[in-house]
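Hi everyone, and thanks for making time for this.

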Amino acid sequence: MNLIQMNYNLKKDIIQWDIEIWSKSLDFWGDEINISTPLKCLEIGSRQGGLSLWAAIYGNSVICSDLFLPSDSESVRNLHTKYDVTKNISYEAIDVLDIPYDNYFDIVLMKSVLPSLGDSKDMEIQRIALKSIFKSLKPGGKLLFAENLEATFLHRISRKWFVKWGKKVKYLKTNEVITLLNEFGELKFITKGFFSSFGRNETQRKFLGKIDTLLDKATPSQWKYLMIGILKKK
């Protein structure tokens with residue numbers, strides 16, 4: 001709603017990898033919420049601060065956070081300065097398992113966070129993270145997320161051998177994520193991508209992502225490796 005027309009370079013700065021597929025999250029979120037109203041936003045697990053940039057270019061107040069202080073990263077500071085949004089962004093070191101805010105945010109944003117929390121019995125560590133997130137949201141507040149899925153046997157093998165952190169993270173099955181998230185709020189989601197996950201560089205991923213887009217409706221949801229969603233606090 002009232003979305004900024006984004007060229008590929010802006011999408012790249014926001015999403016930062018696998019742009020063709022992951023940037024579909026911006027379209028999905030933007031169609032479902034009014035991002036142009038004054039909102040209090042939190043990005044968790046920010047890495048390079050891309051989702052903070054997305055929220056800030058619409059004039060929202062954003063806390064860009066990671067386990068370590070994001071403003072210590074020159075690349076994060078340079079990215080936000082490039083788009084002149086530093087006035088809308090503050091930086092904090094925040095552990096997603098213990099967010100120090102109660103009923104405060106309109107929007108929490110995260111990208112590829114749940115798998116990085118690791119493997120635990122019955123996804124308990126993911127539940128702790130979601131409890132922390134929902135404690136920080138106002139009633140009716142929303143979690144906007146884009147998360148890697150386990151997808152197929154081919155994806156699991158590819159990550160194991162070609163992704164340096166592939167053996168350390170816990171990729172969840174589509175039905176596991178749905179069951180987990182439905183415990184916390186009203187879930188609306190889409191799944192995207194099959195081939196582009198196998199690209200070894202951004203040029204390959206862009207080409208394969210266009211194939212994914214063409215074949216999207218013919219590809220079973222459980223084969224796809226990305227879930228994009230909005231979870232509304234009850």
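This is a predicted model: local features need pLDDT of at least 70, side-chain atom pairs count only at pLDDT 80 or more; totals for chains, interfaces and linings use all residues.

**A short tour of the chain**

Let's begin with Asp98, which sits in the loop between β3 (89-93) and β4 (105-111). When I say helix or strand, I mean DSSP runs, H or I of at least four residues for helices and E of at least two for strands, numbered from the N terminus. Asp98 is exposed, with a relative accessible area of 55%. For that scale, buried means under 20% relative accessible area, exposed means over 50%, and partly exposed is in between, using a 1.4 Å probe and protein chains only.

Residues are numbered from 1 along each chain as its sequence is written, and side-chain values use heavy atoms, with hydrogens and water left out.

Now the whole chain. The protein chain has 9 helices and 7 strands. Its radius of gyration is 17 Å, close to the 17 Å that the globule rule gives for 234 residues, so the chain is as compact as a globular protein of that length. That radius is taken over C-alpha atoms, and the rule is 2.2 Å times the number of residues to the power 0.38. Along the principal axes, the C-alpha trace spans about 45 × 40 × 35 Å. Of the 234 residues, 52% count as buried.

What about contacts, meaning heavy atoms within 4.5 Å? Among those between residues at least 6 apart in sequence, 77% join residues at least 24 apart.

You'll find Phe145 in strand β5 (residues 137-148), and at 1% relative accessibility it counts as buried. Setting aside neighbours within four places in sequence, Phe145 is in contact with a list of residues including Trp29, Met110, Leu181 and Ile230. The C-alpha atoms of Phe145 and Phe189 are 9.3 Å apart, though 44 residues separate them along the chain.

Next, Phe184, in the loop between α8 (174-182) and β6 (185-192). Is Phe184 buried or exposed? Phe184 counts as buried, at 13% relative accessibility. Leaving out residues up to four places away in sequence, Phe184 touches Arg127, Leu130, Lys131, Phe134, Leu231, Lys232 and Lys234. One of these, Lys131, is 53 residues away along the chain, with a C-alpha separation of 7.7 Å from Phe184.

Glu20 belongs to helix α2 (residues 19-22). Glu20 is buried, with a relative accessible area of 17%. Beyond residues up to four places away in sequence, Glu20 touches Arg205, Lys206, Gly209, Lys210 and Thr213.

Last stop, the cysteines. How many disulfides does the structure hold? The count is 0, where a disulfide is a pair of cysteine sulfur atoms within 2.5 Å. Cys41 counts as buried at 1% relative accessibility, and Cys64 counts as buried at 0%.

Terms used. Contact means heavy atoms within 4.5 Å.
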